[in-house]
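Open the model in a viewer and keep the selection panel at hand. The stops below each give a selection and what is found there.

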Amino acid sequence: FFQKTLNAVQSWFTLFGWSKGQNPISIPYSLRSDVCIVQLTVAQEKNFKRRVDKDKSLYEMLLNLNGQSILGIAASQSLSTDPVERMFQLHWQHSELLSFLKRKGAHLPHIMPEFLLAPEDYELWSEVNTGLRRASMRSSGKLSGRRTFVLENRTFETMSKRAWTDVLLQMYKVFVLPRVSSRMVPDPSSSESLQNMPGIKSEPLCSNVYSRYERTILIWLNKNYEKNRKIVWKDSERGGIPPMRWIVNFDQDLLDGLVLAAQMAGYCPYLIPTHFIKMYTNPRTHEQFLHNALIFVKALHTINMDLDIKV
């Protein structure tokens, strides 16, 4: 489940996280390097600067999604060549990132800044906080007063992957979902059938599963499906017009492809005779579900929506 979530997050941020086209990311590896890890081979230079013209940093993505940067952190950073100083600088950056996201409404109490470090920096952090380097750090004032626990290498990699996935999910929650507007929902009074449909409340405290923005999208799915099902499949020879349904989640209720096809048909009606009319409107077997999914993905390709969604 977590791997599927990671893959979905990775795909979305690769496609839509950046201001100038796609930029492939790999969780957590490219994100840990994107915060400008210094190249220690450049020993003669005091600071190593990222190649701004080629490399893209996490903070560029943050600026693109949010419209503002974190105070004191630029999209292009230079880091000390001293490994311990570099580790402290990165740890501070991650602390500021987490604090910034929490102020925006992100829920990240389980993520510590050290979980976002690269393995070599986490190893340094562990040495500093477990006493191996404590004596030299005591006078610097950089050690935190809180109790620490150190993860084994394999456990750290798992935790780091999970931490970066959760950070990106929360970035999506606080920066992308709020763009959803209630103005996108059709007027219920415009159709008699919509008036008879059970409602979904969009008030903040009506669900402990979905945010009000996600519930607005569910309302949009319901209204568009009810509005379009009789239009899209009026001439269907594979089950006729599908029945009315109440769409209350983003997984089970979308499995047969009909709800998604109804949304797309509302904007691209020319896909109805070439694609959607061929769908099973009452699928019961795995083969029929697969058939519908194939048609929907082909429709995405037809309009050049290259979302890399697998059937």
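**Stop 1: α9 and α10**

Select W220, L221, N224, Y225, N228 and V232 in α9, then L258, V259, A262, Q263, A265, G266 and Y267 in α10: these are the residues through which the two helices meet. Contact here means heavy atoms within 4.5 Å. By class, the contact of α9 with α10 has 9 nonpolar, 4 polar and no charged residues. Nonpolar covers Ala, Val, Leu, Ile, Met, Phe, Trp, Tyr, Cys and Pro, charged covers Asp, Glu, Lys and Arg, and the others, Gly among them, are polar.

Now show helix α9 (residues 212–232) and helix α10 (residues 258–267) whole; they pack at an angle of about 80°, with their axes 8 Å apart. That angle makes α9 roughly perpendicular to α10. Angles under 35 degrees count as roughly parallel, over 145 as roughly antiparallel, 65 to 115 as roughly perpendicular and the rest as oblique. Axes are lines fitted to C-alpha atoms, for helices over the stretch in contact, and angles run from 0 to 180 degrees between N-to-C directions.

This is a predicted model, in which local features need pLDDT of at least 70 and side-chain atom pairs count only at pLDDT 80 or more, while totals for chains, interfaces and linings use all residues. Residues are numbered from 1 along each chain as its sequence is written, and side-chain values use heavy atoms, with hydrogens and water left out.

**Stop 2: the whole chain**

Colour by secondary structure: the protein chain has 12 helices and 2 strands, in the order α-α-β-α-β-α-α-α-α-α-α-α-α-α along the sequence. Helices (H or I, at least four residues) and strands (E, at least two) are DSSP runs, numbered from the N terminus. Of the 311 residues in the protein chain, 42% are buried. Buried means under 20% relative accessible area, exposed over 50%, and partly exposed in between (1.4 Å probe, protein chains only).

**Stop 3: α1 and α3**

Select helix α1 (residues 2–16) together with α3; they pack at an angle of about 75°, with their axes 11 Å apart. The contact is made by W12, F13 and F16 of α1 and M61, N64 and L65 of α3. Its residues divide into 5 nonpolar, 1 polar and no charged.

Which residues of helix α3 (residues 58–66) are buried? They are L58, Y59, M61, L62, L65 and N66. These residues lie on the same side of α3, because they cover an arc of only 155° around the axis, taken from the directions from the helix axis to the C-beta atoms. Just after α3, G67 takes a positive phi of about 85°.

**Stop 4: V167**

Move to V167 in helix α7 (residues 153–176). V167 counts as buried, at 0% relative accessibility. Leaving out residues up to four places away in sequence, V167 touches L98, L101, L108, I111 and L116.

**Stop 5: two backbone details**

Select I27 and P28: the peptide bond from I27 to P28 is cis, with omega near 0°. P28 sits in the loop between α1 and α2 (29–34).

Finish at N304, in the segment after α12 (286–302). N304 is not glycine, yet its phi is positive, near 60°. Is N304 buried or exposed? N304 is exposed, with a relative accessible area of 67%.
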